[in-house]
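This report describes a single protein chain, going from its overall layout to individual side chains. Please keep the model open while reading.

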Amino acid sequence: MTADTNSGYGCGCLALLGIIGLLGLYSLAANRLSCAVGAKQSEAKQYVGSMNRAQQAYFLEKGNFTDNIPELRLGIRTETENYIYSIYTTPLGVVNYSISRKFDLKSYVGGVFSFSGQVEPWNDESGLSVILCEAKSPGTHRPPAPILEDGILQCAPGTESLD
């Protein structure tokens, strides 16, 4: 009877160790997936931030914004494995997009606007307002452009500020 009781504990311990091992593998896989998603999204954040800075320089040099990515001279391709990059100009500014090509990645939108120092946040040196926003949820949709509300440039609903 003692032998049967001990063997029952042995099986229980082995089962418990097996469950702990599986949970550890699951946790490791989830962490690796999270890191991979973060690295891919980092590309998009960096590209849109660079596009914003290049648009500021372009505006200061030429007096207008460009809707042509190669004119920014950043070496950014309009499409990568994970994102599509585009620009939309308006009379007051420019909106730079990185739109996810994968359902598990977030999209980003940035903007540079010339409001003659009447809008926050603004860059005191250039007189330009700059913003960078992240979609709140992943997906392949284009995030809404930043909005001007009560004299403040801000991220549109469905996005949040990264500045």
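Is Glu79 buried, partly exposed or exposed? With a relative accessible area of 42%, Glu79 is partly exposed, where buried means under 20% relative accessible area, exposed means over 50%, and partly exposed covers what lies in between, for a 1.4 Å probe and protein chains only.

## Basis of the model

This is a predicted model, in which local features need pLDDT of at least 70 and side-chain atom pairs count only at pLDDT 80 or more, while totals for chains, interfaces and linings use all residues. Residues are numbered from 1 along each chain as its sequence is written, and side-chain values use heavy atoms, with hydrogens and water left out.

## Overall layout

The protein chain has 1 helix and 7 strands, and along the sequence these follow the pattern α-β-β-β-β-β-β-β; helices (H or I, at least four residues) and strands (E, at least two) are DSSP runs numbered from the N terminus. Of the 163 residues in the protein chain, 34% count as buried. Its accessible surface comes to about 9900 Å², and carbon and sulfur atoms account for 56% of that, the areas being computed by the Shrake-Rupley method with a 1.4 Å probe and, for residues, with only the protein chains shown counting as cover.

A contact here means heavy atoms within 4.5 Å. Among contacts in the protein chain between residues at least 6 apart in sequence, 51% join residues that are at least 24 apart.

## Nonpolar cores

A nonpolar core is a set of buried Ala, Val, Leu, Ile, Met, Phe, Trp, Tyr and Cys residues joined through side-chain atoms within 4.5 Å. The largest one holds 18 residues, of which Met51, Phe65, Ile69, Tyr83, Tyr85 and Ile87 touch the most other members. At least two residues of this core come from each of helix 1 (2-62), strand 1 (83-89), strand 3 (108-114) and strand 4 (128-135), and helix 1 gives the most, with 5 residues. Apart from this core lies another, of 10 residues, among them Val95, Tyr97, Val109 and Phe113.

## Salt bridges

Side chains of opposite charge can pair when their charged atoms come close. Taking a salt bridge as a side-chain nitrogen of Lys or Arg within 4 Å of a carboxyl oxygen of Asp or Glu, the count comes to 3 salt bridges. In one of them, the side chains of Glu79 and Arg101 meet at 3.4 Å, N to O. Because Glu79 lies in the loop between helix 1 and strand 1 and Arg101 in the loop between strand 2 (93-100) and strand 3, this pair ties together parts that are 22 residues apart in sequence. Arg101 is partly exposed, with a relative accessible area of 39%.

Lys102 forms a salt bridge with Glu81, the closest N and O atoms being 3.6 Å apart. This pair links distant parts of the chain, with Lys102 in the loop between strand 2 and strand 3 and Glu81 in the loop between helix 1 and strand 1, 21 residues apart. Lys102 counts as partly exposed at 27% relative accessibility, whereas Glu81 is exposed at 61%. A salt bridge also joins Lys106 to Glu134, with the closest N and O atoms 3.7 Å apart; Lys106 lies in the loop between strand 2 and strand 3 and Glu134 in strand 4, so the pair ties together parts that are 28 residues apart in sequence. Both Lys106 and Glu134 are buried.

Thr66 is found in the loop between helix 1 and strand 1 and, at 4% relative accessibility, counts as buried. Its side chain makes a polar contact with the side chain of Glu71 at 2.7 Å, where a polar contact is a pair of N or O atoms within 3.5 Å; within protein, one must be able to donate a hydrogen and the other to accept it, and residues adjacent in sequence count only if both atoms are side-chain atoms. The side chain of Thr66 also reaches the backbone nitrogen of Asn68 at 3.0 Å. Not counting residues up to four places away in sequence, Thr66 touches Gln55, Tyr58, Glu71, Leu72, Ile87, Thr89 and Val94.

Arg73 is found in the loop between helix 1 and strand 1, and at 76% relative accessibility it counts as exposed. Phi of Arg73 is near 55 degrees, a positive value in a residue other than glycine. Most residues other than glycine have a negative phi.

## The chain end

Asp163 lies in the segment after strand 7 (159-161) and counts as exposed at 62% relative accessibility. Leaving aside neighbours within four places in sequence, Asp163 is in contact with Val130, Ile131 and Leu132. The C-alpha atoms of Asp163 and Gly49 are separated by 9.9 Å, although these residues are 114 residues apart along the chain.
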